[in-house]
Amino acid sequence: MQPEKVKVKYMITENKDFEAFASEYQNKEKEILVLTNDQSGGATKFHDSWDASQYFLAYFDLATDELKKGDGRINWIVSDEQRDKHSINSPYYFKKGTIYKLKVRELIDKTVPEGRLPSFYNRFMVVDVLKEDVQNSELLAVLNEYRKPVEIVDEKLGKFELNKDYGSFQGKIKWFENEISVSLNIDIENKKSWAKAMKILRSFSDQQEQCDLEFRTYAGEQLTELANDWLEDENEVITKSDFIRRINLSQLVVTSDGDYTAYYYDDDMFYGHIIDVSGNIKSGLSSANISG
């Protein structure tokens with residue numbers, strides 16, 4: 001005998017920060033169908049609570065029978081206690097690539113400032129989840145298109161597959177005798193940006209000996225003193241040449257605008273932290289840090 005499926009009880013989370021959170025949204029409630037993407041949700045700190053979100057690909061306005069394509073997000077508030085006891089995704093636990101019928105409140109101010117992503121201002125506050133796994137032909141067509149693989153193939157560097165959630169082509173290339181991960185951050189809607197990013201990557205690959213030495217030398221100049229501060233053995237000394245020799249490239253991120261970041265393994269000089277070296281193809285190197 002199959003156990004009875006427990007119906008999830010959805011309810012809005014109200015706490016001391018709820019009023020401030022809800023004030024960004026209209027008082028009027030509406031019903032929509034929303035299609036979540038394949039990216040996990042997230043959260044940002046909101047006073048003493050958390051502004052949790054799940055990204056969507058499109059939504060269907062049930063009042064007007066209109067399909068609205070475009071990235072956006074649905075948001076709700078989670079208390080610290082709720083997060084610690086359950087998770088940052090409670091109480092909704094939205095599934096990836098799924099259509100939900102929601103009761104929501106729309107954002108009041110949808111003006112997108114310069115430099116901000118439109119998806120941040122295409123958002124709704126979740127009031128209630130009315131139904132899961134809804135069937136809607138228009139939204140399912142969006143999902144099918146979203147999940148079609150998109151690739152670019154370079155004769156020398158190989159194949160790169162588009163991650164639509166992050167707006168980047170991802171793949172691997174040979175760097176000296178090793179293989180490194182590569183991300184090409186582009187504008188999905190602008191194929192010229194794809195070609196620009198690939199051209200920059202091809203230039204790095206063609207001149208990898210010169211580029212790698214330049215990246216490692218810059219990191220050595222910026223971080224050797226810090227590496228010595230991290231040493232536990234007072235008798236040990238790391239010279240700049242030691243530093244340059246010990247680090248190895250693991251990942252290269254390139255944007256169509258010409259920005260780039262090279263990520264290096266630290267050979268345990270910073271106890272496993274990654275070293276990132278950033279710059280722009282026109283202005284040159286600008287920073288070296290430890291991260292991760």
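Where is the place of Pro91? Pro91 lies in the loop between α2 (80-85) and β5 (99-107). The structure is a predicted model, in which local features need pLDDT of at least 70, side-chain atom pairs count only at pLDDT 80 or more, and totals for chains, interfaces and linings use all residues. Residues are numbered from 1 along each chain as its sequence is written, and side-chain values use heavy atoms, with hydrogens and water left out.

**View 1. The cis peptide bond at Pro91.** Ser90 and Pro91 are joined by a cis peptide bond, with omega about 0°. The loop that holds Pro91 runs between α2 and β5; helices (H or I, at least four residues) and strands (E, at least two) are DSSP runs, numbered from the N terminus.

**View 2. Two loop residues with positive phi.** His47, a residue other than glycine, has a positive phi near 55°. His47 is placed in the loop between β2 (42-46) and β3. With a relative accessible area of 53%, His47 is exposed; buried means under 20% relative accessible area, exposed over 50%, and partly exposed in between (1.4 Å probe, protein chains only). Phe176 is not a glycine either, yet its phi is positive, at about 55°. The loop between β9 (168-175) and β10 contains Phe176, which counts as partly exposed at 37% relative accessibility.

**View 3. Ser183 in strand β10.** Strand β10 (residues 178-185) includes Ser183. Ser183 counts as buried because its relative accessibility is 9%. Leaving aside residues up to four places away in sequence, Ser183 touches Phe169, Gln170, Gln251, Leu252, Val253 and Val254; contact means heavy atoms within 4.5 Å.

View 4. Leu139, Val142, Leu143 and Tyr146 are buried in α3. Seen down the axis of α3, these buried residues fall within an arc of 100°, so they line one face of the helix; the arc is that of the directions from the helix axis to the C-beta atoms. An α-helix has 3.6 residues a turn, so residues three or four places apart point the same way. Ser137 and Asn144 are exposed on the other side of α3. The buried residues of α3 pack against β1 (25-36), β3, β4 and β5.

**View 5. The start of helix α3.** Here, a side-chain oxygen of Asn136 reaches to within 3.2 Å of the backbone nitrogen of Glu138.

How values were computed
Polar contact = N/O pair within 3.5 Å; in protein donor to acceptor, adjacent residues only side chain to side chain.
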